[in-house]
Amino acid sequence: MNDTQRFQVHLTGMIDILSNHLYNEKDVYIRELLQNANDALTARRNYHEDFKPYIHVSLTESGDSPPTIIFEDNGIGLTEEEVHQFLATIANSSKGEKTFGDTNSDFIGRFGIGLLSCFIVSDEIVMVSTSAKNNETIEWRGKADGTYEIRKLEGKTFTPGTKVYIRRKEKLNLPGDCFEISTLRQTLKKYGACLEPNIILAYNGFEEEINRWSHQFANKSLLHQMSSTDILAFGSEILGMDYQDYFFIENKTGRTYGIAYIVPHTIHMNAKKSNAVFLNRMFVTKESQHLLPDWALFIHCILWTDELSPIASREDFYQNDALEQVRESLGIAIKKNIIDLPDVTLSKLMHIHYLGFKALASQDDDFLSFIYPYLPMRTLNGEQSLQTILKTDETVYYTDTVDAFRQIQDIARAKQMNLINGGYTYDIYILNKLSLLLSNHQLRLIDPLEMTDTLKKLNSEEEELFVQIINEINQKMNDFKVNVELRRFEPNHLPTLFIHSHQSQEDRELERIAESSNSLFSDLLMSLQPQEPARPILYLNWNNVLIQNILTSDKTAEQLCVIVQILYIQALLLGHYPLKNNELEMMNQNLLYLLKLV
Ligand SMILES: Nc1ncnc2c1ncn2[C@@H]1O[C@H](COP(=O)(O)OP(=O)(O)OP(=O)(O)O)[C@@H](O)[C@H]1O
């Protein structure tokens with residue numbers, strides 16, 4: 001015979017799960033009480049009742065007994081049947097569907113577990129509720145041990161609404177709990193800032209309104225009528241930063257909207273995002289990481305939504321398709337607003353946030369085609385905007401690495417070339433895209449090797465004069481895998497030009513890493529190297545007085561080689577290339593050699 005049994009709920013275990021494993025914020029019980037009061041007011045309004053909604057919160061302390069927080073609302077209340085059905089049955093809610101987004105419900109509660117969070121701070125929840133449906137008043141006492149008592153209060157007339165009493169546990173060890181007035185005030189402001197009903201906090205005979213000013217911002221049409229002073233003040237209150245510029249944003253459904261503040265200082269690329277989000281007017285998080293695209297670092301948002309699903313702790317949102325669509329649509333809105341900003345604001349913005357703008361421009365052609373004139377780039381003349389760089393009719397060249405720029409900057413300057421250093425973050429993607437996008441400009445990537453074509457060969461007599469010595473030098477430099485050549489080039493003051501192709505740099509780096517690895521790994525690395533690795537070239541400038549003096553002096557080949565080796569080390573150091581072991585050794589030997597001479 002089948003023996004059907006009922007599951008039992010171990011409430012103490014559940015409270016432990018809630019307090020230690022579900023909620024990060026230790027003040028959630030205030031959020032849940034606010035939310036329930038707010039939902040009860042919504043339900044009463046939906047019940048077609050004409051009344052002035054309020055939520056009244058008070059903190060009482062009397063004598064030696066622990067302080068008590070009392071939450072009162074004049075909402076729909078609960079009948080006795082509803083108390084059994086919704087209060088005493090865990091995970092049963094009177095608020096319908098458990099999913100957000102698909103439904104257009106005004107309720108915030110869904111899961112039917114929120115009230116349990118009060119057990120984190122209290123051993124008993126006492127609720128006195130008068131239902132607007134039948135005017136009956138019920139007192140419910142729920143205990144953390146999983147038992148509850150219920151009784152009807154008769155003989156007195158109560159108006160519809162609910163009062164919840166939370167008395168602090170005797171041994172509550174929760175730093176910064178809300179049984180202290182300033183924490184309670186702060187927490188009510190945090191969660192309740194945008195709720196519609198008037199929230200009043202009473203303490204020691206004084207009353208203050210918590211959300212009178214702030215609740216208006218959540219109303220889309222009121223928001224657009226607020227003064228800019230108010231909007232900036234609201235940003236600083238919610239996000240804790242002083243902003244100077246903002247614009248409104250809204251996604252395409254119109255169900256997620258808000259204020260986008262421009263961050264007034266430079267932001268680190270992996271800085272935490274600071275976006276406050278309210279779901280059905282209830283605060284969810286101040287650090288939403290996924291609601292805006294990654295590039296939108298220069299924006300801090302305050303957003304209101306009713307179309308996203310919160311995770312169980314209600315402290316963030318599920319990363320689902322709905323969230324992705326909202327993020328994409330908000331991204332489009334931000335771009336559009338930036339494009340519409342006045343020129344002065346845009347230049348100011350660029351100054352602070354060029355990196356964020358470059359990130360966006362490198363991913364988005366539309367944005368790039370608008371924004372590129374304002375983007376700053378490093379050139380031979382320091383930092384310039386692309387609009388200034390591209391003013392000329394001549395070809396503008398760019399390198400793909402900082403290293404390539406360094407290698408050719410001197411001769412490029414001598415040739416009066418327009419050269420951009422494309423080696424900084426995002427620049428190469430932007431420049432590559434622009435080279436295809438801009439039809440009227442010659443924007444061309446240059447390889448340092450191309451520059452060697454412009455170095456002049458010596459005439460045949462000169463060539464003959466030095467061919468032997470250059471050969472000897474090359475033999476001595478063979479160990480360092482570099483070729484030495486003699487050429488004429490400008491600027492004359494430049495004794496050498498060191499050209500290191502991508503391939504020769506890679507081969508060199510492989511060798512250097514192999515040197516500092518264990519023998520097994522080093523053998524493996526070296527087996528990856530080609531038989532004949534690519535070599536950099538050290539060009540000696542025959543136009544340069546130092547080089548002329550060196551080569552025409554009566555020094556022996558060995559002595560000349562010492563000097564060329566020193567010039568080679570200098571070129572490596574100027575190019576920021578770490579030295580290999582044999583180069584270090586060679587430099588030390590040469591220093592000793594020089595020491596002996598002086
Ligand atoms: N102030 C109140 N007025 C009227 N009913 C209330 C009040 N507080 C709680 N309730 C009732 O108790 C039920 C359980 O509340 P609880 O906070 O545990 O869950 P919920 O609000 O439904 O969902 P969630 O877990 O998502 O918050 C509610 O569905 C509601 O019917």
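Helix H11 (residues 402-414) lies across strand E16 (396-399) and strand E17, and runs at about 160 degrees to E17; here axes are lines fitted to C-alpha atoms, for helices over the stretch in contact, with angles from 0 to 180 degrees between N-to-C directions, and contact is taken as C-beta atoms, placed from the backbone, within 7 Å of each other. Helices (H or I, at least four residues) and strands (E, at least two) are DSSP runs numbered from the N terminus. The model is predicted, so that local features need pLDDT of at least 70 and side-chain atom pairs count only at pLDDT 80 or more, whereas totals for chains, interfaces and linings use all residues. Residues are numbered from 1 along each chain as its sequence is written.

Helix H12 (residues 427-437) lies across E14, E16, E17 and E18, running at about 125 degrees to E18. These strands belong to an open sheet of 5 strands in the order E15-E14-E17-E16-E18, with mixed pairing, where two strands pair if DSSP finds at least two bridges between them. Its edge strands, each pairing on one side only, are E15 and E18 (443-445), and neighbouring strands of the sheet are turned by 40 degrees against each other on average, direction ignored. Strand E14 (residues 376-379) is joined to strand E15 (residues 382-385) by 4 bridges in an antiparallel arrangement, and the two form a hairpin with 2 residues between them. E14 is also antiparallel to E17 (residues 418-421), to which 2 bridges join it. Arg 378 has Glu 383 as its bridge partner in E15 and stands opposite Asn 421 in E17.

A further antiparallel pair is formed by strand E11 (residues 276-279) and strand E12 (residues 282-285), joined by 3 bridges, with Phe 278 bridged to Phe 283 in E12. The hairpin of E11 and E12 has 2 residues between the strands, and Asn 280 takes a positive phi near 45 degrees in this hairpin.

The chain is divided into domain 1 (11-212), domain 2 (216-340), domain 3 (345-452) and domain 4 (455-501 + 536-597), with bounds from an automatic or database domain assignment. Domain 2 and domain 3 have C-alpha centres 32 Å apart, and their contact takes 11 residues from domain 2 and 11 residues from domain 3. The side of domain 2 that touches domain 3 has 7 nonpolar, 2 polar and 2 charged residues, where Ala, Val, Leu, Ile, Met, Phe, Trp, Tyr, Cys and Pro count as nonpolar, Asp, Glu, Lys and Arg as charged, and the others, Gly among them, as polar.

Around the ligand there are 23 residues, of which Ala 40, Ser 93, Ser 94, Gly 109 and Gly 114 come nearest; a residue is near if its C-beta atom, placed from the backbone, lies within 6 Å. Helix H2 (28-46) and helix H3 (80-87) are the elements that give two or more residues to this shell, and H2 gives the most, with 5 residues. By class, the shell has 9 nonpolar, 10 polar and 4 charged residues.

Gln 565 is placed in helix H18 (residues 557-574) and counts as buried because 23 C-beta neighbours lie inside 10 Å, the limits being 20 or more other C-beta atoms within 10 Å for buried, 12 or fewer for exposed, and partly exposed in between, with C-beta atoms placed from the backbone. Leaving aside neighbours within four places in sequence, Gln 565 is in contact with Met 586 and Asn 590. Leu 594, in helix H19 (residues 581-597), is exposed because it has 12 other C-beta atoms within 10 Å.

Terms used:
Contact = placed C-beta atoms within 7 Å.
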